[in-house]
Amino acid sequence: MKTVEILKIKKDEILQLQEIGRRTFYETFSESNTEENMKDYLGKGFSIDKLTTELNDIKAEFYFAKIDQEIIGYLKLNFGESQTEIKDDKALEIERIYVLKEFHGKKVGQILYNKAIEIAKQKNADYVWLGVWEENQRAINFYKKNGFVEFDKHIFKLGNDEQTDIMMKLKLT
């Protein structure tokens with residue numbers, strides 16, 4: 001496979017972020033959720049307003065995974081107060097790692113994950129944490145393979161459906 005580049009997303013790339021965000025989320029979860037709930041979440045979760053707020057947040061960072069200028073996945077990280085739950089200055093949250101289905105099994109997710117760990121170490125984080133849907137066994141296995149352990153659960157609302165996310169963490173120190 002050609003070289004995967006990881007590049008920080010710039011504010012003027014918001015439409016590309018919206019497109020890859022919606023596409024990868026739909027590919028990942030549409031088979032297990034109603035069309036109505038998917039449409040609701042994709043509309044709200046990836047609106048230009050929401051993405052603009054997130055891109056302007058100095059305690060959040062987005063990265064594209066690209067091959068030959070084609071966006072094939074992305075990563076979103078949160079620090080400090082911008083973390084969705086644990087507001088720990090010594091932690092980093094991986095909020096999203098998504099890769100186009102056609103690139104699953106080609107180590108793109110691992111490359112994005114490695115970038116997250118590199119940034120966590122640069123920021124002197126003690127640990128990295130994330131939430132993953134309890135029915136997304138592929139992702140759970142990926143994180144366990146990378147040393148993450150379960151420590152809690154929380155509710156993720158997709159449209160009108162309350163789903164359980166497993167919270168996982170990896171100690172770095």
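This is a predicted model: local features need pLDDT of at least 70, side-chain atom pairs count only at pLDDT 80 or more; totals for chains, interfaces and linings use all residues.
**Entry 1. Salt bridges**

I started with the charged side chains. Side chains of opposite charge can pair when their charged atoms come close. I counted 14 salt bridges in the model.

I looked up K8 and found that it pairs with E61, with 3.8 Å between the closest N and O atoms. K8 belongs to strand 1 (residues 5-8) and E61 to strand 2 (residues 60-67), so this bridge ties together parts that are 53 residues apart in sequence. I then asked how accessible each partner is. K8 is partly exposed at 46% relative accessible area. E61 has 11% relative accessibility, so it counts as buried, the limit being under 20%.

Next I took E102, which forms a salt bridge with R23; their closest N and O atoms are 3.4 Å apart. These two also link distant parts of the chain, since E102 sits in the loop between strand 4 (91-99) and helix 4 (108-122), while R23 is in helix 1 (residues 14-29), 79 residues apart. R23 is partly exposed, with a relative accessible area of 38%.

E54 is buried, with a relative accessible area of 9%, whereas K50 is partly exposed at 31%. I followed the shared partners from here and reached one network that joins K50, E54, K76, E95 and R96.

**Entry 2. A buried glutamate**

Is E93 buried or exposed? I found a relative accessible area of 3%, so E93 is buried. Leaving out residues up to four places away in sequence, I listed what E93 touches: K76, L77, N78, S82, Q83, T84 and W129. I also checked E93 against E54, which is 39 residues away along the chain; their C-alpha atoms are separated by 14 Å.

**Entry 3. Nonpolar cores**

How many residues are in the largest nonpolar core? I found 52, and the residues with the most contacts inside this core are L17, F25, L77, L92, I94, Y113 and Y143. Helix 4 gives the largest share of the core, with seven residues.

Apart from neighbours within four places in sequence, I94 is in contact with L75, K76, L77, Y113, A116, V128, W129, L130 and Y143. I also noted another core, apart from the largest one, which has five residues, including I86, A91, W129 and M167.

**Entry 4. A strand hairpin**

I turned to strand 6 (residues 149-158) and strand 7 (residues 161-171). The two strands run antiparallel and are joined by nine bridges. I looked up one of the partners: K157 is bridged to E162 in strand 7. Strand 6 and strand 7 form a hairpin with two residues between them. I checked the turn, where G159 has a positive phi of about 65°.

**Entry 5. Aromatic rings**

I counted 13 aromatic pairs. For F25 and Y41, the ring centres are 4.6 Å apart and the planes are at 25°, so I wrote this pair down as stacked. F25 is in helix 1 and Y41 is in helix 2 (residues 35-45), 16 residues apart, and the pair links distant parts of the chain. F25 is buried, with a relative accessible area of 5%. Y41 has 15% relative accessibility and counts as buried too.

For F142 and Y143, the ring centres are 5.1 Å apart with planes at 80°, so this pair is edge-to-face. I found F142 buried, and Y143 as well.

I then traced one aromatic cluster, which is formed by F25, F29, Y41, F46, Y74, Y98, W133 and F156.

**Entry 6. A lysine over two rings**

Last, I asked which rings K169 lies over. K169 lies over the face of Y127, at 4.5 Å from the ring centre. K169 also lies over the face of F151, at 4.8 Å from the ring centre.

Technical notes:
Residues are numbered from 1 along each chain as its sequence is written. Side-chain values use heavy atoms; hydrogens and water are left out. A salt bridge is a side-chain nitrogen of Lys or Arg within 4 Å of a carboxyl oxygen of Asp or Glu. Helices (H or I, at least four residues) and strands (E, at least two) are DSSP runs, numbered from the N terminus. Buried means under 20% relative accessible area, exposed over 50%, partly exposed in between (1.4 Å probe, protein chains only). A nonpolar core is a set of buried Ala, Val, Leu, Ile, Met, Phe, Trp, Tyr and Cys residues joined through side-chain atoms within 4.5 Å. Contact means heavy atoms within 4.5 Å. Two strands pair if DSSP finds at least two bridges between them. Rings of Phe, Tyr and Trp (its six-membered ring) pair if their centres lie within 6.5 Å; planes under 30 degrees apart count as stacked, over 60 as edge-to-face and the rest as tilted. A charge sits over a ring if NZ of Lys or CZ of Arg is within 6 Å of the ring centre and within 35 degrees of the ring normal.
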